[in-house]
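Hello,

Here is the structure I promised to pass on to you. Have a look at it first, and then read my notes below.

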Amino acid sequence: NSLFSLSQVVHAHKPHFMALHCQEFGGKNYEASMSHVDKFPDALSGCVSQSVYISIISWFIVFVVLFFFLQALGSFYFLHESLKNIYQFDFKAKKYKKVTGKEIYSDTLESTPMLEKEKFPQDYFPECKWSRKGFIRTRWCITDCAFDLVNIHLFHDASNLIAWETSPSVYSGIRHKALGYVLDRIIDQRFEKVSYFVFGDFNFRLDAKAVVETLCAKATMQTIRAADTNEVVKLIFRESDNDRKVMLQLEKKLFDYFNQDVFRDNNGTALLEFDRELSVFKDRLYELDISFPPSYPYSEDSSQGRQYMNTRCPAWCDRILMSHSAKELILKSENDEKIVIYDHIGPNVCMGDHKPVFLSFRIAAGAGKPIANVHKCCVVQ
């Protein structure tokens, strides 16, 4: 169902260049899942190719990154056969190379110069025994337009109880540090600066303290502590009247609010005011208006495509962000035909605990010329 939902979006928008960024390849139970990981590229290609339109794709490029202890970032790029003179950047040679056919990089990632990958330093999130988060970067040149595509996975909230203690939360600060690290890397002096798109699981969360205080403004709070350590293990918010009805129960990995409709009605628009993490980067990153419900955490029950799990406060974790120069690329068109769509995939279908998002747009030929002197760097090798 997940792949079918993806193929429907592909068929509807008919992209000539499609970038698909995935996280958690193999999942946390990777030892049992690796056999499925090996089969996924072919399954994805076969499903997408069932579309009448996409069947004329002649080849595609696949990158699958499997970090030690499985941080698994997978980046897939599908290119339409009508596209000519497509180049990919060689980060070692610092030159573009013409793309000539299907390539799969999996076991050879340490040696391939066609991507840049990095895990975040261990001390960014010391609660983890190993660093599981990071990014992959690729650079492309199409119709004289050069741009970077960055697949990113930032740190999660380890505890709901800690997340709601301060505003903004300590986890928000960790994500800011990691995202800043990525942005500094992709605009440093090693390579020519180009427009860039950063998309994946940012793990952005709503301001938990502000959300709880708003949702439970007329409630009283009961604190439950562990008998041996006196540590807070649960918070219970009850209505002041109405027979003391429980509105919210909060634990380390429990966010059980009595009315999930608040997260779904009108695509959760009422909660967008609490989506504040990106504001720190407003001078560096741009995002189109969000018009879809929070992308996480959905139930993994295949019969509950619209249901959220009661583990975390629903939030827009999955995003597509871009540099301000990239914004100019997608909003300018030769004939003012501004077809730009930012939405989610499979609203009623179980897609795992995250609901994928997509951005569809058109770039006018030569739109990138003012940003990167492409003709000087696009060298056929």
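Let's start with Phe 76, which you will find in strand 3 (residues 72-80). Please keep in mind that this is a predicted model. Phe 76 has a relative accessible area of 0%, so it counts as buried. Its C-alpha is 8.1 Å from that of Met 18, although 58 residues separate Phe 76 and Met 18 in sequence.

Next, the rings. The count comes to 23 aromatic pairs. One of them joins Phe 89 and Tyr 96 edge-to-face, with 5.0 Å centre to centre and 65° between the planes. Both Phe 89 and Tyr 96 are buried. Another edge-to-face pair is Trp 164 with Phe 237, at 6.0 Å centre to centre and 90° between the planes. This pair links distant parts of the chain, 73 residues apart: Trp 164 is in the loop between helix 3 (160-163) and helix 4 (170-186), while Phe 237 is in strand 12. Trp 164 has 15% relative accessibility, and because buried means under 20%, Trp 164 counts as buried. Phe 237 is buried too, at 5%.

Two of these rings also have a charged residue over the face: Arg 139 lies 5.2 Å from the ring centre of Phe 89, and Lys 209 lies 5.0 Å from that of Trp 164.

Finally, the sheet around strand 12. Four strands form an open sheet in the order 11-12-13-14, with antiparallel pairing. Strand 11 (219-225) and strand 14 (254-257) are the edges, each pairing on one side only. Strands 11 and 12 are joined by 7 bridges, and Gln 222 has Ile 236 in strand 12 as its bridge partner.

Enjoy exploring!

Key. Residues are numbered from 1 along each chain as its sequence is written. This is a predicted model: local features need pLDDT of at least 70, side-chain atom pairs count only at pLDDT 80 or more; totals for chains, interfaces and linings use all residues. Side-chain values use heavy atoms; hydrogens and water are left out. Two strands pair if DSSP finds at least two bridges between them. Helices (H or I, at least four residues) and strands (E, at least two) are DSSP runs, numbered from the N terminus. Buried means under 20% relative accessible area, exposed over 50%, partly exposed in between (1.4 Å probe, protein chains only). Rings of Phe, Tyr and Trp (its six-membered ring) pair if their centres lie within 6.5 Å; planes under 30 degrees apart count as stacked, over 60 as edge-to-face and the rest as tilted. A charge sits over a ring if NZ of Lys or CZ of Arg is within 6 Å of the ring centre and within 35 degrees of the ring normal.
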